[in-house]
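Work through the following exercises with the sequence and the coordinates open. Each task is followed by a solution in steps.

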Amino acid sequence: SPCYCCTFLQALLLHAGGFRTCGWGVESVESIYRSRQRPATDRYSCLTTAGEMETSNEAFATIGGKDIFFSEDWDTGIGGGLWSTGAAQAKYFENHRTTVRRNLKDLVQTNKDDDHNSIRAIELGSGNGYLSVCLVAMAGDLISELVTTDLADHLPLINKTLEQNKHLVDISSAECKATLNPDTQGESSQTKAFVTEHKWGVAEGDDRVVGTFDFIFGSDLAYRDSLHAPLISSLDRLSHENTVSLIGVTMADTKPSFFQSLKKAGFRYERLSDYMLEPEFRGTTFGLFVIQRSTLKPGRSSKQ
């Protein structure tokens, strides 16, 4: 029978009445490096100052009829702003909401057991919490638990982003715990959401980041060679047999060695076709990759 990764990819890439797959291998990845990322537009490289956003009542984005509010804070560090690949991934959530929801529902069915009829999701290297809020707006009713992670110095901004979106998320700052409003997507289900530190490749002391997750997502995670090994280590620890990861990268700073290391670690990957992205991101070195285990490691159950 076909692997779940292929099924998920085919469904993810369903567009205009037909399937379109990419079939990216190492050679295809390397060919992209012949071009270079064009300069990001002002909208994505530096959206606006935090002060300007705080005094504005205008939504930054809308997904599924739900307004999303967001403000950058570059004083937080490199993750304090919305980089181009993160913007591309958020637009993918917005413009392909129906398709992504359908595939998350497939994940629910694939991983369903007697105690779970929804999925666990985690964002790695969130920086500012924006993608997590986009996911909540799109599919909060399908997620039983959402964990949003980064290093400790970025957690205040992530919590601030959740606070800006109280119409979607109720957050308890004291416990760093959020519960999605029960009327999300018009259904009476709730999703637990946690904001917590997670150091890639470090398992000790990770009280919130335990077990495996069904959906892992993030953007601009592999921009330095030194990050490849710890990131893949976290993907390895947090993934079960059917886990699907959606990771946005920029080839201008993510080298082919990252994809080679993914394969050596037992993962397969596919790049979403350009036409799934907004026009300004097509024909560039931006890419959204679907990643899943290629084989189940000895001694590891499909759901740990």
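A residue is buried when its relative accessible area is under 20%, and exposed when that area is over 50%. The model used here is predicted.

**Exercise 1.** Classify Thr196 as buried or exposed, and list what Thr196 touches.

Solution. 
- Step 1: locate the residue; Thr196 lies in strand E7, which spans residues 192-197.
- Step 2: apply the cut-off; the relative accessibility of Thr196 is 15%, so Thr196 counts as buried.
- Step 3: list the partners; leaving out residues up to four places away in sequence, Thr196 touches Val147, Thr148, Thr149, Asp150, Leu155, Arg208 and Val209.

**Exercise 2.** Describe how helices H5 and H7 pack, and sort the residues of their contact by type.

Solution. 
- Step 1: take the geometry; H5 (residues 84-95) and H7 (residues 130-139) pack at about 5°, and their axes are 10 Å apart.
- Step 2: name the arrangement; angles under 35 degrees count as roughly parallel, and H5 and H7 are therefore roughly parallel to each other.
- Step 3: find the residues; H5 contributes Gly86, Gln89, Ala90 and Phe93, and H7 contributes Tyr130, Leu131, Cys134, Leu135 and Met138.
- Step 4: sort them; seven residues of the contact of H5 with H7 are nonpolar, two are polar and none is charged.

**Exercise 3.** Which residues have the most contacts inside the largest nonpolar core, and what surrounds Leu135?

Solution. 
- Step 1: the largest nonpolar core holds 47 residues, and Phe93, Leu104, Leu135 and Phe215 have the most contacts inside it.
- Step 2: H7 supplies the largest share of this core, nine residues.
- Step 3: setting aside neighbours within four places in sequence, Leu135 is in contact with Phe93, Leu104, Ala121, Gly140, Ile143, Leu146, Phe215 and Phe217.
- Step 4: a second, separate core has 25 residues, including Leu124, Leu221, Phe258 and Leu262.

Technical notes:
Residues numbered from 1 in each chain as written. Predicted model: local features only at pLDDT ≥ 70, side-chain atom pairs only at ≥ 80, totals over all residues. Heavy atoms only, no water. Axes fitted to C-alpha atoms, helices over the stretch in contact; angles between N-to-C directions. Helix = DSSP H or I, 4+ residues; strand = E, 2+ residues; numbered from the N terminus. Parallel < 35°, antiparallel > 145°, perpendicular 65-115°, else oblique. Contact = heavy atoms within 4.5 Å. Nonpolar A, V, L, I, M, F, W, Y, C, P; charged D, E, K, R; others polar. Core = buried A, V, L, I, M, F, W, Y, C linked by side-chain atoms within 4.5 Å. Buried < 20%, exposed > 50% of the residue type's maximum accessible area, 1.4 Å probe, protein only.
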